[in-house]
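Please read the following briefing alongside the sequence and the model. The points are grouped by topic, beginning with a single residue and widening from there.

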Amino acid sequence: MARLAPKELSLSDSEQNELQELIKGHKTAQQIVIRAKIILLASSGRNNGEIARILEISLDMTRLWRKRWLETEGAKLSAFQRLQDQERTGAPVKFSMEQVIELFALACSPPEDYGRTISHWTSRELTDEITKQGIIESISVRHVGRLLEEAQLKPHQSRYWLTPPPG
């Protein structure tokens, strides 16, 4: 069965110059450089197989970036923007902002207020307390630690922050 030739890709002079500048740029990410090379080779009449062999990349990658370039034709985007990865959706958010704020408030309060006989909160103690109070049904100790780290909260230092040592 004969294969269809890939869709023809033509570039304006400004697009060609912009792609050349991306390739020459010392700070341009290599994935963008490879994508720019794919588009330039495609515009010179090369098919996907030839481009893949020349650049030593997969045929699928060549097909993907030719297709994406053609899909964004006519959009008022720079060449750099057209060569960017698409947004990834990822997993849905598991905890509401209110729940996370309640975790932070708990981390900033003294453990004694909650009947804990500890000097400062640990991720494990916070996990136990927040699930005990029913604020969050289930959360891992590691995730609590990541949330605190992202917010730059250090419950083990809160005593010094609230009441600095004399000196």
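Ala79 counts as buried, since its relative accessibility is 2% and the cut-off for a buried residue is under 20%. This residue belongs to helix 5, and, once residues up to four places away in sequence are set aside, Ala79 touches Glu18, Leu19, Leu22 and Trp69. The model discussed here is a predicted one, and the points below should be read with that in mind.

**Around helix 5 and its partners**

- Glu15 and Arg82 form a salt bridge in which the closest N and O atoms are 2.9 Å apart. Because Glu15 lies in helix 1 (residues 13-24) and Arg82 in helix 5 (residues 79-82), this pair ties together parts that are 67 residues apart in sequence.
- Both members of that pair, Glu15 and Arg82, are buried.
- Arg35, which is found in helix 2 (residues 30-43), is likewise a buried residue, with a relative accessible area of 6%.
- Leaving aside neighbours within four places in sequence, Arg35 is in contact with Trp65, Leu83, Gln84 and Asp85.

- As a general point, side chains of opposite charge can pair when their charged atoms come close.
- How many salt bridges does a search of the whole structure find? The search finds seven.
- A network of salt bridges links Arg116, Glu125, Glu129 and Lys132.

- Is Glu56 buried or exposed? With a relative accessibility of 73%, Glu56 counts as exposed, because the cut-off for that class is over 50%.

**Gln99 and its distances**

- Gln99 is found in helix 6 (residues 97-108), and it touches Lys94, Ile130, Ile135 and Ile136 when residues up to four places away in sequence are not counted.
- Where does Gln99 stand relative to Ala79 in sequence and in space? The two residues are 20 positions apart in sequence, and their C-alpha atoms are 42 Å apart.
- Gln99 and Tyr114 are 15 residues apart along the chain, and their C-alpha atoms are separated by 18 Å.

**The chain as a whole**

- The chain contains nine helices and zero strands, so that the order of elements from the N terminus on is α-α-α-α-α-α-α-α-α.
- The radius of gyration of the chain is 27 Å, whereas a compact globule of 167 residues would have a value near 15 Å.
- Along its principal axes, the C-alpha trace spans about 75 × 45 × 30 Å.
- Of the 167 residues in the chain, 31% are buried, and the accessible surface comes to about 11,900 Å², with 51% of that surface belonging to carbon and sulfur atoms.
- Among contacts in the chain with a separation of 6 or more, 47% are accounted for by residues 24 or more positions apart.

Definitions and conventions. Residues are numbered from 1 along each chain as its sequence is written. This is a predicted model: local features need pLDDT of at least 70, side-chain atom pairs count only at pLDDT 80 or more; totals for chains, interfaces and linings use all residues. Side-chain values use heavy atoms; hydrogens and water are left out. Helices (H or I, at least four residues) and strands (E, at least two) are DSSP runs, numbered from the N terminus. The radius of gyration is taken over C-alpha atoms; the globule rule is 2.2 Å times the number of residues to the power 0.38. Buried means under 20% relative accessible area, exposed over 50%, partly exposed in between (1.4 Å probe, protein chains only). Contact means heavy atoms within 4.5 Å. Accessible areas come from the Shrake-Rupley method with a 1.4 Å probe; for residues, only the protein chains shown count as cover. A salt bridge is a side-chain nitrogen of Lys or Arg within 4 Å of a carboxyl oxygen of Asp or Glu.
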